[in-house]
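The entries below follow the order in which I looked things up.

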Amino acid sequence: MSLERGDRPDVIANARLTGADRVDPFGDDPVDIHLAEGLVVDIAPAGGLPRRGAVLDATGVWIVPGLWDHHVHVVQWALAAQREQLGGAAAAAEAAAIMSNAAVMPDGRRIGAGFRDAFWSDAPSLELLDAATGDVPTYLINADVHSVWLNSAALRREGFASDTGMLVEDPAFEISRRLNAVDPAVADPLVARMAQDAAARGVVGLVDLDMAWNEEAWARRLRSGFETLRVEFGIYPDFLDRALAEGLQTGDVARGSSSDLARVGSLKVITDGSLGTRTAACSHAYPGDPSNHGMLTVDPALLIELMTTATGAGLACAIHAIGDVANSHALEAFAVTGAWGTIEHAQLVAHADIPRFGRLGVGASVQPEHAIDDRDLTDSIWAGQTAQPYPLRALADSGANLLFGSDAPVSPLDPWAAMAAAVFRTRDGRAPWQPAQGVTAATALSASTRGGSLAGSTIEPGVVADLALCAHDPLIADEGQLRGMQVTATLLAGRLTHLL
Ligand SMILES: [Zn+2]
């Protein structure tokens, strides 16, 4: 019989196991993995046990735990498909020109995303953007989402003012929130398509950090048949009172759902800016701007208060910290409050702070592709910093649990790209950047699964059958094989969510 998406195979036949932490006796020999009721119930030499029921032939492929992306902005990522891509613009004038030719959306606006103004050869100005885009409200979103560039028509429409059209940090997030608040009839099919693309990369779950009341959205999607991924959704401080009043705790199933796929995640607090917007809170000033050390967007005392409240209520914490000063404060807050959870990004960390992640049990939720995207920026605008940028290896070696993600749309939702960046520290044929901070493929693989790098990636009887089948052994794949990894099948609790 031939299987298709949605089916539940009883046996995955002739697969090869991989992972550095294996204790099974099978070596390179192919195995049959027997499944029942969403679990792996037995692993045996190929053909060693009768193959009853539906058989998924996995001859020639390797089997790994289903992959997770630990940091995604779901609706923003799904909507990226509709937005003009600005990643190639080398100047403000070029970005403005691209937008002048962009299609006007049915709501009368033009939206572009993915610009990197830190690389622009000229300065953005309102006159420049207005001259190119006229009366059509036009919005350009930075690749790091920490700034937006609006023309006069868009500023008027949103009720904001800015001499250059640029808005950074909270006003920029507010604009993004408004742009992402699209009708579910438009957004949900795009989310479904995005999730299917993720499943085709072996993904079984993600952490959704959309700046919205995410429970309602996920319950609605599940009720209308979404069953492609597991989701843990974040709660922002604006919604903390509501979460407390309604008794939400980390791990709870989203209320009003028709399945247990969506669960309450962490309180997400953004405590500083970003590298690209030059607002990450750092101990040394940004070049050419001696008074600019970036900014803490949440006062350290308030952070402690928020984390104390969340912890008391049973919520984990996910604290955005990019600069070394922000990371120090975030670690301090974990130590003081006894909160559990993650620091998101950890892009610049003081040497003395690196071992604190492991010691405090704070997960390092990092995005390895950002290191490659930002290598030139880091070498220029963080050249004067003394802390360690993108300290993946140092974190792993000091006992931190690494959790990989994409921060999509900041980088594409593709755990294989994250693994390749983490292991090889390069892309596009350039020399590796700070290769000493590269991690082993085994660390990268387990950092891309639900439990993170300390949890390992062993598949054994009794585990939930969240699995991915891939064309190369990720532990010995080269950079190209890892980035281009063909995933032949993905299973979520034993059900096929993707099949080539
Ligand atoms: Zn993010």
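I began with strand β9 (residues 138–142) and strand β10 (residues 147–150), which pair in the antiparallel sense over three bridges. The model is a predicted one, in which local features need pLDDT of at least 70, side-chain atom pairs count only at pLDDT 80 or more, and totals for chains, interfaces and linings use all residues. Residues are numbered from 1 along each chain as its sequence is written.

I noted the terms: strands (E, at least two residues) and helices (H or I, at least four) are DSSP runs numbered from the N terminus, and two strands pair if DSSP finds at least two bridges between them.

I looked up Leu140 and found Trp149 in β10 as its bridge partner.

I then traced the sheet: five strands in the order β7-β8-β9-β10-β11 form an open sheet with mixed pairing. Its edge strands, β7 (84–85) and β11 (166–168), each pair on one side only.

I turned to the domains, whose bounds come from an automatic or database assignment. This assignment gives domain 1 (1–60 + 458–500), domain 2 (69–74 + 186–456) and domain 3 (84–168).

I recorded 29 Å between the centres of domain 1 and domain 2, taken over C-alpha atoms. Their contact takes 18 residues from domain 1 and 17 residues from domain 2, where contact requires C-beta atoms, placed from the backbone, to lie within 7 Å.

On the side of domain 1 that touches domain 2, I listed β21 (467–470), α17 (479–483), β22 (487–492) and β23 (495–499), each supplying at least two residues.

Notes
Two residues are in contact if their C-beta atoms, placed from the backbone, lie within 7 Å.
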